[in-house]
Amino acid sequence: MGNPTKEFWDRTYREDPDFFGAGASSLARSSLGRLTREANGGSLLELGCGTGRDLCYFAQHGFEVAGCELSPVAAREANLRLSALREEVPPRSRVTVQDALELLEVLPAGRTDVVYSNLFFNLEIDADRLRRMFRNVARVLRPGGLHLFTVRSTSDPWYGKGTRLGSDRFDPGTGGPPLRFFDEPSLRQLTEPEFEVDSLREHSEGGPEFPVVIWSAVTQRRAAPSSSRP
Ligand SMILES: C[S@@+](CC[C@H](N)C(=O)[O-])C[C@H]1O[C@@H](n2cnc3c(N)ncnc32)[C@H](O)[C@@H]1O
């Protein structure tokens, strides 16, 4: 049996490889200064990198990037884009077709400088997998390593649309994947055991055809886990 989520993303990127925009996202552009100051030329892992708009941007700014994608169509396009940049980017930049949690669970501990994702964690419906992802992001990061991400907010216009699947999760019924929405307490609960929250900002994004409200988070792996993990 096929995987409907993977098939949805394959179809989306086949129809439009720039579905999320041709240039780097606002998270990538607004993070570059901080990343360059604290992890210049370091290793950056992107979860759910799509066709690689942000990975190419970070690679062009000297980061040793790696990405993972559920969609083979997206991964192929991202790898083509990275190889087209050739001498401009570090040579080992690569995207693998892999579930992000499976990858995070096998990566070595404490070796990555930055884990980054844009509108990725809001696609994880299973609460246990979501917790394991955050724990493993902390595990693979070096102490002081940065974890930057955006997720959809409970103030998003799509919140509450479609079929309710549980607390803050809905299937919009558009053929796209189910979505998870976050508020500040749920984000703090996920991040604070392992990360110092440097900034957590709720803001609007997207054009008039598809306005969304998202949280942008900049967090830093603590040297030792906080005792608040239940
Ligand atoms: C909302 S899109 C954003 C893509 C990209 N971050 C961007 O901003 O252009 C989320 C991406 O995550 C990928 N994805 C969803 N679940 C995944 C998983 N469990 N492991 C790896 N990739 C996943 C999807 O295929 C999709 O390309």
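Which residues in α4 are buried? Hold that for a moment. First, a caution: this is a predicted model.

Start with the whole protein. There are seven helices and 10 strands. Of the 230 residues, 47% count as buried. The C-alpha atoms fill a box of roughly 45 × 45 × 35 Å along the principal axes. Now the radius of gyration. A compact globule with 230 residues would come out near 17 Å, and the protein has 17 Å, so the two agree. What about contacts along the chain? Take those with a separation of 6 or more: 71% of them join residues 24 or more positions apart.

Now to α4 itself. The helix runs over residues 72-85. That makes 14 residues. From first C-alpha to last, α4 reaches 20 Å, close to the 20 Å expected at 1.5 Å a residue.

Back to the opening question. The buried residues of α4 are Val 73, Ala 74, Ala 75, Ala 78, Asn 79, Arg 81, Leu 82 and Leu 85. Note that Asn 79 and Arg 81 are on that list. Here is the helix rule to keep in mind: with 3.6 residues a turn, residues three or four places apart point the same way.

What do the buried residues of α4 pack against? Four elements: α1, α3 at 53-60, β2 at 64-69 and β3 at 94-97.

Take α1 next, residues 4-15. The axes of α1 and α4 come within 7 Å. They cross at roughly 45°. Parallel, perpendicular or oblique? A crossing between 35 and 65 degrees counts as oblique, and α1 and α4 are therefore oblique to each other.

Who meets whom there? From α1, we have Lys 6, Asp 10, Tyr 13 and Arg 14. From α4, we have Pro 72, Val 73 and Ala 74. By type, the residues of this contact divide into four nonpolar, three charged and no polar.

Arg 86 follows the helix. Its phi is positive, near 35°.

Then comes the loop between α4 and β3, and Ser 93 lies in it. Is Ser 93 buried or exposed? Buried means under 20% relative accessible area. Ser 93 has 10%, so it is buried. Leave out residues up to four places away in sequence, and Ser 93 touches Ala 59, Glu 64, Val 65 and Leu 82. Leu 82 is one of the buried residues of α4.

Key: Residues are numbered from 1 along each chain as its sequence is written. This is a predicted model: local features need pLDDT of at least 70, side-chain atom pairs count only at pLDDT 80 or more; totals for chains, interfaces and linings use all residues. Side-chain values use heavy atoms; hydrogens and water are left out. Axes are lines fitted to C-alpha atoms, for helices over the stretch in contact, and angles run from 0 to 180 degrees between N-to-C directions. Helices (H or I, at least four residues) and strands (E, at least two) are DSSP runs, numbered from the N terminus. Angles under 35 degrees count as roughly parallel, over 145 as roughly antiparallel, 65 to 115 as roughly perpendicular and the rest as oblique. Contact means heavy atoms within 4.5 Å. Ala, Val, Leu, Ile, Met, Phe, Trp, Tyr, Cys and Pro count as nonpolar, Asp, Glu, Lys and Arg as charged, and the others, Gly among them, as polar. The expected span of a helix is 1.5 Å times one less than its number of residues. Buried means under 20% relative accessible area, exposed over 50%, partly exposed in between (1.4 Å probe, protein chains only). The radius of gyration is taken over C-alpha atoms; the globule rule is 2.2 Å times the number of residues to the power 0.38.
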